[in-house]
Amino acid sequence: MNNSEISLPRKLTNQLLHLAQLSPDAEVCGLIGADSTGLPVSCYPVANSAATPENRFLLDASQQIEAMRQIREKGETLFAIYHSHPHTPAQPSATDIQEASYPDALHLIISLNTKGVLEMRGFKIAGDSAEEVELNLIEA
């Protein structure tokens, strides 16, 4: 995977932005599966089971397991973990970095904080650092 630029289908991007808009006061989260060519194709929303969902996310364990099963059954691979920031910019918090558990997956963060303009940014999180990757929207 080219770490400097990631291609995202516009349809999938719109789906993620829509999910975030439906939940303006709590973080949404889930998984994204990629097809055999590495192109992200499927969105798997997972409930946020954090105690304070307005500023934290925790993938619901049983739904996460089910989403991973569906990804495997479709012959997909885990491409990204996404979550939204209802009130803060689209950059990983210290908690996001500390709790990131899939170093190979992209972390997509959607912000609703920018005065009606939705923002989505992607990061590779490894150890205690987050490196931004450029997102390139494509028609797919």
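Glu-76 sits in the loop between helix 2 and strand 4. Helices (H or I, at least four residues) and strands (E, at least two) are DSSP runs, numbered from the N terminus. This is a predicted model, in which local features need pLDDT of at least 70 and side-chain atom pairs count only at pLDDT 80 or more, while totals for chains, interfaces and linings use all residues. Residues are numbered from 1 along each chain as its sequence is written, and side-chain values use heavy atoms, with hydrogens and water left out.

Glu-76 is buried yet has no salt bridge. Buried means under 20% relative accessible area, exposed means over 50%, and partly exposed lies in between (1.4 Å probe, protein chains only). A salt bridge requires a side-chain nitrogen of Lys or Arg within 4 Å of a carboxyl oxygen of Asp or Glu. For Glu-76, the nearest side chain of opposite charge is Lys-74, 4.3 Å away. Lys and Arg count as positive, Asp and Glu as negative; His and the chain ends are not counted. Not counting residues up to four places away in sequence, Glu-76 touches Gly-33, Ala-34, Val-41, Ser-42, Tyr-44 and Ile-71. Contact here means heavy atoms within 4.5 Å.

Helix 2 has 13 residues. From first C-alpha to last it reaches 18 Å, close to the 18 Å expected at 1.5 Å a residue. That expected span is 1.5 Å times one less than the number of residues. Just after helix 2, Gly-75 takes a positive phi of about 75°.

Gln-64, Ala-67 and Ile-71 are buried in helix 2. Seen down the helix axis, the buried residues of helix 2 fall within an arc of 60°, so they line one face. The arc is taken from the directions from the helix axis to the C-beta atoms. These buried residues pack against strand 2 (29-34), strand 3 (40-46) and strand 4 (77-85). The face turned away from the buried side carries the exposed residues Ser-62, Ile-65, Arg-72 and Glu-73.

## Salt bridges on helix 2

The structure holds five salt bridges. Glu-66, Arg-69 and Glu-73 are linked in a network of them. Glu-66 lies in helix 2 (residues 61-73). The side chains of Glu-66 and Arg-69 meet at 2.6 Å, N to O. Both residues lie in helix 2, three residues apart, about one turn of the helix. Glu-73 also meets Arg-69, at 2.3 Å, N to O. That pair is four residues apart in helix 2, again about one turn. An α-helix has 3.6 residues a turn, so residues three or four places apart point the same way.

Arg-69 is partly exposed, with a relative accessible area of 33%. Glu-73 is exposed, at 58%.

Glu-99 forms a salt bridge with Arg-56, the closest N and O atoms being 2.8 Å apart. The pair links distant parts of the chain, 43 residues apart. Glu-99 is in helix 3 (residues 94-99), and Arg-56 is in the loop between strand 3 and helix 2. Glu-99 counts as partly exposed at 39% relative accessibility. Arg-56 counts as partly exposed at 32%.

## The nonpolar cores

The largest nonpolar core has 18 residues. Such a core is a set of buried Ala, Val, Leu, Ile, Met, Phe, Trp, Tyr and Cys residues joined through side-chain atoms within 4.5 Å. Those with the most contacts inside the largest core are Leu-16, Ile-32, Phe-79, Tyr-82 and Leu-108. Strand 1 (5-9), helix 1 (10-22), strand 2, strand 4 and strand 5 (106-114) each supply at least two residues of this core. Helix 1 gives the most, with four residues. A second, separate core of 10 residues includes Tyr-44, Val-46, Leu-59 and Ile-81.

Leaving aside neighbours within four places in sequence, Leu-108 has contacts that include Leu-8, Leu-16, Ile-32, Tyr-82, Met-120 and Leu-135.

## Strand 7

Glu-131 lies in strand 7 (residues 129-138). Apart from neighbours within four places in sequence, Glu-131 is in contact with Gly-122, Phe-123 and Lys-124. Glu-131 and Pro-92 are 39 residues apart in sequence and 9.8 Å apart in space, C-alpha to C-alpha.
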